[in-house]
Amino acid sequence: YQTLSQYYAWILTYDDIVAQFNHPDMSANAFGNFTPYDQNVDKLFTMFELGNGSGHYSYANAEKKYFTALDLGWHIAPTHGEDNHDGTWGETMRRTVIVADKNSNDSLLYAMSKMRVYMTEDPNFTLDVLANGRYMGSVVEGDKLTFNISGSDQVREKKSDAMYNYLAADYVSNDEIEKVELITNGGKVIDTHKPTSSTSFEWKPEVDIKGGQQWFLVKVTQKDGEQVYS
């Protein structure tokens, strides 16, 4: 399909799929810069490739474009895509994490459709985010949001470990948590948490909602610079 509108029209002939915006920042006008917002397309496009790169290809982070798409109303979870042209699949620190009940096609597709997905630049970081008791990816209504956020990383990656022998000789991991940020519309940081424990945390911020559609995500930054996005 030579036009985006034709592609979207084809996608909308299905109702049992999930779709992802790939390479959203590789051109100045990728996906028409996500305008106009389309509520029907939004129901099927549930993911956004925030991170991209593997092997000999440089890593690209599309955080700014992701925040722009969220501002326009798209409901999309962040992912990482290897985009691997080297045949070195899996030899990357970065991950897409799907939080599903079990490892089956139906369960994974269901989790992706509900945006129970997050992206991490560290392969061992686990992150859970709930708002008013509802898991990440949910739409929540109310005058106040009470978050329950927890994260942990109990594995320090080393080149001497066979699992990470692809790491550069000078790579040094520091999985201590530098900061945890709660971010909303416009990419604005509205609250920050600096854990006392080095590699894990629990945080329960509260936010008063002043009206209108708002999005919220959690961004974790480790001391080695690696980032995690809910």
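Leaving aside its neighbours within four places in sequence, with which residues is Asp122 in contact? In this predicted model, the residues that Asp122 touches beyond those neighbours are Met93, Asp153, Glu157, Asp175, Gln222 and Glu226. Asp122 sits in the loop between S6 and S7, and its relative accessible area is 0%, which is under the 20% cut-off, so Asp122 counts as buried. The chain also brings Ser173 towards this place: although Asp122 and Ser173 are 51 residues apart along the chain, their C-alpha atoms are separated by 9.5 Å.

In general, the strands of a sheet pair through backbone hydrogen bonds, either parallel or antiparallel.

The buried residues of H3 are Lys65, Tyr66, Phe67, Ala69 and Leu70, and they pack against strand S2 (45–52), S4, S10 and S14. Just after H3 comes Gly73, which takes a positive phi of about 115°.

**A covered strand**

Strand S4, one of the elements against which the buried residues of H3 pack, is itself mostly covered, since five of its five residues are buried. In a regular strand the side chains alternate between the two faces of the sheet. In S4 both faces are covered, with Ala77, Thr79 and Gly81 buried on one side and Pro78 and His80 buried on the other. S4 pairs with S2 in the parallel sense over five bridges, and in this pairing Met47 stands opposite Ala77.

Rolling a probe the size of a water molecule over the atoms shows where empty space is left.

| Pocket | Volume | Lining residues | Classes in the lining |
|---|---|---|---|
| Largest pocket | about 750 Å³ | 34 residues | 22 nonpolar, 10 polar, two charged |
| Second largest pocket | about 380 Å³ | 17 residues | six nonpolar, six polar, five charged |

In the largest pocket, the lining residues that lie nearest the centre are Ser138, Val139, Gln214, Trp215 and Phe216. The elements that give two or more residues to this lining are H3, strand S4 (77–81), strand S7 (126–131), strand S8 (134–135), strand S9 (144–152) and S14, and of these S7 gives the most, with three residues.

Which residues of the lining lie nearest the centre of the second largest pocket? They are Lys43, His75, Ser113, Met115 and Val139, and Val139 is also among the residues nearest the centre of the largest pocket. Helix H2 (residues 39–44) gives the most to the lining of the second largest pocket, with four residues.

How values were computed
Residues numbered from 1 in each chain as written. Predicted model: local features only at pLDDT ≥ 70, side-chain atom pairs only at ≥ 80, totals over all residues. Heavy atoms only, no water. 1 Å grid on protein atoms, 1.4 Å probe; cavity = no way out; pocket = protein on both sides within 12 Å on 5 of 7 lines; lining within 4 Å. Points joined across faces, edges and corners; volume = space filled by probe spheres on them. Nonpolar A, V, L, I, M, F, W, Y, C, P; charged D, E, K, R; others polar. Buried < 20%, exposed > 50% of the residue type's maximum accessible area, 1.4 Å probe, protein only. Contact = heavy atoms within 4.5 Å. Pairing = 2+ DSSP bridges.
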